[in-house]
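Colleague: I'm new to this one, so please walk me through it slowly.

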Amino acid sequence: MSDTFQNGGTNSTTQTYTASVTVNPSSSNTLTNTKSGQLLFTPPAANTVYIYGNLTNAGIISYIPSTVGSGNTFYLGSGSSNTLNNTGSITYNQSNTTSESSVYLQYGTINNSSSGSITLESAGASTISAPYVVNLTNEGNIRVLDTSGSGMTSNWGNGSGTFNNTGSFSVDDSAGSSGSTTNLNFKQIANSGSVSFSVPAASTIITQVGSGGFANTGNWSITSKGNGAGNIQIQGGSSSYTNNGTINVTDANLIIANALTGSGGTVNLTNNANLTLQGTNTGSGQTFNFSSANNTLNVSNGATFKGIIRGFSQGDQLDLNVTGTATYNKTTGILTITGSSNTYTYDVGKGYTGTFSDSTGGVVTYKGTTPCYLSGSMIRTPDGEKAVEDISVGDTLMSWDNAANSDVTKSVVWVGSKSVVANPSLPIDLAGYPVRILKNALADGIPYQDLLVTAEHCMFLDGKFVPTRMLVNGRSIFYDTSMVRFDVFHIETEEHAVLTANGARSESFLNTENHGLSRRNGKIVSINAHRIPTWDDASAPLDVSREFVEPLFHKIESRAGIGECTTQSHQPILTNDPDLHLLTDTGTVIYQARKGDDRVMFMVPTGVRQVRIVSNSGRPSDVIGPFVDDRRELGVLVGGITLFESNETRNIRSHLDNVDLAGWNNIEDGQMRWTTGNAVLPLGERQPNSVAILALQIRAAGPYIVTTPRPQDKMLLTA
C-alpha cells in the first residue's frame, strides 16, 4: 500500500492503512503526527507495518489487525540514531493472535511525556522490545501486555544510558503458560514512579545497571505466578543500591546483588516471596514487611544486616546465615542471636508471644499462636451485641478508650477465621486448646457468661493487656481440653481496639504477625496496606512482667476460691531433687560419686569421650506459675566443668563455646548455661586406660514437677 509520507512530514488528519505498509522509509527523516492526527493500521493477520526514522507523536497511532491469525510485526524507528517523542497515544493490540507477534521500538532515545501513552498488547510467545534505546524517559504510561500462550520476550536498553521513570512502566505476562524473559539494561536506573513486572513461574527478569547504579524512590514491584525455578535479579555496578521508596515482591524469587540501603525504604514480601540480599551492611534504612505467610528473607551476610523486620510469622523464614541461640525480648522487639564468639541483634518488632529458634544453618523461624475468639463470643456494638462469627468488614464496634476513659467506635477492616486442631503431645499452653474464662471470673458479671479465647488472646486488665495463658488458675480460668477441634475468629479494626466480649474487655486483632495463616471472611479494606503494626500501635500497652501479672493472677484466683468454681486442674507436686546423672553413648548410666558445695563429681570410665547430662526439668511458667513469662525447659544451671584424669586437669568449655550444642538453653553472662534436662557434653581426647573424675558446677536446680510423688516430695510441700 502506498504511503503519503515518503519523506517524513506532518499529519493532522486521519490516515487509514489496511495492508502492509512502510511509512517514512528514510531513517533520517522525521514524521510528526499532530494532536488532531490519526495513523490507523488495520491490515489482516501476518502483515508488517514499518514507521522508520524519527517520530514525534501528539495524536493517535493505532495498529489493530483486522483478522485473527498469525502474529503481525510492527517496527517503529530505524536504530539508535532515532528519537521518539510521544505526548499522544501509541497502541498495538493483537491479543487474539494464534502465534507470536513482534513489536520493536527501534529508537536510541524515547521520551514519553506525562500525557503520553504507549500500550503494546499481544499473545503467545511474542516479542515486544526496545533493544537499541540508550536513554528512556517516561513520565506517562508505558504498558506491555501478553494475554496468553507461552512466555513473552521484552528487552529494553543497550546498557549505555539512563532509564528515568516518573510515570508508570509495566510488563505483564501473568497470563502466560510458561516462563517469560524481561531485561532492563541501563547504565543507570532512577525510578520515582511505578515499575512493575508480573510474570508466570520460571521466568527471567534481569534488571542490569552499570556505574550509574539503581535508585528507587517510587514503587518497584515483582509478582510471579508461582516462585518456582527462575532468574529474577537486580544486578550490576559496584555501589550499593538505594531504596527510599517501596519494593514489592509477591510469590517470586528475587536476588538483589549489591547492598540495599537508603532512608525510609520499604520492602514488602507477600505470599511465598523469597528475597536474597547480597552485599555487606545491607538493609540500612529499610523495613522488611512479611505478609500472607511462607516468605523467606535470605541475607547472605546476616552478621552485618541493618534492616528492620515486621510481620514475621509462623511459616516465614529469616535466613541470616548466623548460627547461635535465639532469644527474644518482647518489650524491646529485639531478637538476639548469640554465637560462639559474637552476638548479633535484629529488630523484629514488639509483642511476639511465641518462640523464635535458629537452626544450625542460621535459619530463624517462629512458632506461635494467633490471638482470637471462639464462635459464640458476643461483641459489643453501638446497636447491641453481635456474635463474632457474624461480624463483617465495615461493621462498627464499641471500643474502650483508656486515655479518655470512655467508649468510642471503631470500624472493622478485616475479619478472618481458621480451624484449629489441638495437639495433646505438647505442653498444655502450646497444645492449642482454648482457654475458658468462667462467668464472673474477673469480676461480678465479667464475663457475664463463659468466654472462650485462644491462649495468647490478651485481656484488658488495670489499663494493660495480658495474655490469657498467664491468668490460667485451673479453676475459674482453665484450658478446655474437651475441645480438640474448633474454629477461631479474628477481628481487625482500623486502629487497634479494646473490645468487649461477653462483658469482658480484651483486644482486637493486632496484625503484628500478619493475616497469613487465616481465611479471609469477606473483603479486606486497606487502611495502610504495607505497614505492619507493632505493639507500639496497640490501644494499650502489653505487660507480661511478673511484677504486674502476679498480683492480677492471685486476685482472680482468690475470686475462684469464694465462688462455685470446680477445680479443673490440680496444683502440681514439686521436688527440688534434680535426679542428676550422666548417660554415655552406649546407654550406661553414671551416678554421682560425691558432692561438695556446688560441685557434683562423677567417675567416667575409660574411653568415654562424650556424655549426656541428664536430670529432671521444668518450665518456670509451670513450676512457679503461669504469671512467669518463661517457658524454657530448664534442667540444671551449669557453670564451670573440670575433668581430672591421670596427672592432667582440664577445663571443659564446650557448653559455653558451642552455641549449637544439643540440649542446652542460651548462655547466661558468658559463664553458665541451663540444660534442657538432656544435654550433650563432649569430653575431648581421653588418656588411654584411665578413669576420669568429671566435676560439674551446679549453680541452680529445680524445682521440678513430679508425676508420681515420693514421700520426700510430699514433705517438701508441707515444709
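Modeller: Let me start with N689, which is exposed at a relative accessible area of 76%, where exposed means over 50%, buried under 20% and partly exposed in between, with a 1.4 Å probe and protein chains only. Please keep in mind that this is a predicted model, in which local features need pLDDT of at least 70 and side-chain atom pairs count only at pLDDT 80 or more, while totals for chains, interfaces and linings use all residues. Residues are numbered from 1 along each chain as its sequence is written, and side-chain values use heavy atoms, with hydrogens and water left out.

Colleague: Where is N689, then, and what is its phi?

Modeller: N689 sits in the loop between strand 64 and strand 65, and its phi is positive, about 55°, although N689 is not a glycine. In general, most residues other than glycine have a negative phi.

Colleague: Which other residue has a positive phi without being glycine?

Modeller: A202 is one, with phi near 60°, and its place is the loop between strand 21 (194–200) and strand 22 (204–208). A202 is partly exposed, with a relative accessible area of 44%.

Colleague: Peptide bonds next; which ones are cis?

Modeller: Among them is the bond from I446 to P447, with omega near -10°, and P447 lies in the loop between strand 46 (435–437) and strand 47 (451–453). Another is the bond from G702 to P703, with omega near 0°, where P703 belongs to the loop between strand 65 (692–701) and strand 66 (704–705). As a general rule, most peptide bonds are trans.

Colleague: You keep numbering strands; how many strands and helices are there?

Modeller: The protein chain has 66 strands and four helices, numbered from the N terminus as DSSP runs, with helices being H or I of at least four residues and strands E of at least two.

Colleague: And the whole chain, what are its dimensions?

Modeller: Along the principal axes, the C-alpha trace spans about 110 × 75 × 40 Å. The radius of gyration of the protein chain is 34 Å, whereas a compact globule of 719 residues would have one near 27 Å; the radius is taken over C-alpha atoms, and the globule rule is 2.2 Å times the number of residues to the power 0.38.

Colleague: How much of it is buried?

Modeller: Of the 719 residues, 52% count as buried.

Colleague: What does strand 5 pair with?

Modeller: Strand 5 is joined in parallel to strand 2 (residues 14–17) by four bridges, and Q15 stands opposite L39 there. Strand 5 also pairs in the parallel sense with strand 8 (residues 60–63) over four bridges, with L40 opposite S62; two strands pair if DSSP finds at least two bridges between them.

Colleague: Where do strands run antiparallel?

Modeller: Strand 59 (residues 610–614) runs antiparallel to strand 56 (residues 581–584), with four bridges between them, and L583 has R612 as its bridge partner in strand 59. Five bridges also join strand 59 to strand 64 (residues 678–682) in the antiparallel sense, where V611 is partnered by L681.

Colleague: One more topic: is I337 buried or exposed?

Modeller: I337, in strand 37 (residues 334–338), is buried, with a relative accessible area of 0%. Leaving aside neighbours within four places in sequence, I337 is in contact with a list of residues including V322, T323, Y344, Y346, D358 and V364.

Colleague: And Q233, buried or exposed?

Modeller: Q233 counts as buried at 18% relative accessibility, and its place is in strand 25 (residues 231–235). Again leaving aside neighbours within four places in sequence, Q233 is in contact with I205, I206, T207, L254 and I255.

Key. Contact = heavy atoms within 4.5 Å.
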